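Hello,

Here is the structure I promised to pass on. Please have a look, then read my notes below.

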Amino acid sequence: MEIRQHEKEPVELKDDRVFTWPNLVVKEFLAAILVTIGLLFYSFYVDAPLSELSDPAHAENPAKAPWYFAGLQEQLVYFDPWYAGVVLPSIIVVGLILLPFLDNNPKGNGYFTFRERKFAIVVFISGYVFWYLLIYVGTALRGPFWTFFWPWQEWTHSFPTPAPLHNLPLPLGIALSIGFYTVGLVFPLFIKKGILFRNLGIIRYAITMGLLLTMIGTAGKMILRLVFNIKYVIATPWINI
Amino acid sequence: MEIPDLKKKLMDSVNEIWKTVFRHGFKDTPRNRALIIISNVWLHLHPAQVREHGTKIRFTWCMGGITFFVFLFELVTGILLMFYYTPDVNKAYADMADLMFVVPYGRLLRNSHRWAAHAMVITVSVHMLRVFLSGSYKVPRQFNWVVGVLLLLITFLLSFTGYLLPWDQLGYWAITVGMNMGRATPFLGYEGPFSHLLGVTINNDVRFALIGGTTIGAPALLRAYVWHCIAIPLIAAALMMVHFWRIRKDGGISGRL
């Protein structure tokens, strides 16, 4: 600390502390200036999107949500709106809120480490990447009638008719779902002598695995739809999943 | 009266006025460095001293601070835009055209407001990633993570409500997509599962409450405007106060114990 060398006044700085002024404040001001310059430059050269006057009689095709919600809109291909647009985002928010209470690993508190908290980081990064992957597909790869186009393909209205979809028989669907969650809950008990269960305790384990399996299941349903043309795993008169 | 005498009197006066505004001297002393922070209402958001790693960009990525700054940027550009914008279906789009072609610097104003909104969604999510990867949500900071998640939602909602305001095709149909999901809410949306159990219909469900009608029209635009310009920013400000205050109360910037 250079200040100690040229000042006669006694300085009481605990452990690794430095004065906020100027050490931190100068970086904040610099960041603010750079962000302002960047925004103004970008805004000077690139116009914000503005399409023609709204017309309820003429739907946009494709009509897209803002990009940060396009991942949820992409889920509409695989799920009914009540799940894709309401229940799934609610589960994500609840999972995020619960995260600090579920992760009881005392290590890795306040510093970057992968080795000391592999499970937490792998799960979180998977979800993070999954979210942005869906956004990318929904924003960039979906054309008219929400048809999939690769980046090098031109958006056209003439594309082959999609293969017909079918539902799993109800008993099979229920058995598959229960089996998936059962296997998912039991399987980690045999990895490294069930260390995950022993670390988390029964309540944290149940909630963590419930959330994780729902995330995996959401991806799994997408695969069923894409590979086997399954529309609903569970089809009932009241609710379809 | 001699010249040196006058100069001293002048400097004394300047010093006296300076002292009424800033209660510390010019000299770069440790005492003044501390006073600059703790005697300034804005800067005393910070402690007078911070742990050195907390000033490193490789640790904080500066993303929380930049998100807050972009929010302030949105506040300033948003207020300026409000001078030129009328939340009326017959005027809104014409006001957009005015901003783009007539109002001095209107195009820059609107562009930067829109791009900063996108930037804020990105910076807030990168901030969340940083806080996660550095384990900064762990004891004793669990609650501040929860406040942060709410602020993430607030950011989405701010951006989403602003999307309808230009009253163009893009915004109109984006909100339509959103509201089609709203009406499918279980129990509370008229097309959602089990909604008939609560007697929910097209004119009393959650979508009706959000857009003030059964179709997206004038009431929807006004509601989006009021939420966007008044209600959600106030909620955001309240949550940010808690968020920043709790950083201090939870022991400052996270780090190795």
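**Where the two chains meet**

In this predicted model, helix 3 of chain A meets helix 6 of chain B. From chain A, the residues involved are A:Leu39, A:Leu40, A:Tyr42, A:Ser43 and A:Phe44. They face B:Leu108, B:Asn111, B:Ser112, B:Trp115, B:Ala116 and B:Ala119.

How are the two helices set against each other? The crossing is right-handed.

**The annotated region of chain B**

An unreviewed UniProt entry annotates residues 26-256 of chain B as "domain: Cytochrome b/b6 N-terminal region profile". Over that stretch the chain is 63% helix and 1% strand. The C-alpha atoms at its ends are 35 Å apart.

**One residue to look at: B:Asn144**

B:Asn144 sits in helix 7 of chain B, which runs over residues 142-164. Is B:Asn144 buried or exposed? There are 21 other C-beta atoms within 10 Å, and 20 or more count as buried, so B:Asn144 is buried.

Take B:Asp250: B:Asn144 and B:Asp250 are 106 residues apart in sequence. In space they are 8.6 Å apart, C-alpha to C-alpha.

Best wishes

Notes
Residues are numbered from 1 along each chain as its sequence is written. Chains are lettered from A and ligands numbered from 1 in the order in which they are written. This is a predicted model: local features need pLDDT of at least 70, side-chain atom pairs count only at pLDDT 80 or more; totals for chains, interfaces and linings use all residues. UniProt positions are given in the numbering used here, feature names are shortened, and annotations may be inferred rather than shown by experiment. Helices (H or I, at least four residues) and strands (E, at least two) are DSSP runs, numbered from the N terminus. A crossing is left-handed if the near helix is turned anticlockwise from the far one by less than a right angle, and right-handed if clockwise. Two residues are in contact if their C-beta atoms, placed from the backbone, lie within 7 Å. A residue is buried if 20 or more other C-beta atoms lie within 10 Å of its own, exposed if 12 or fewer, and partly exposed in between; C-beta atoms are placed from the backbone.
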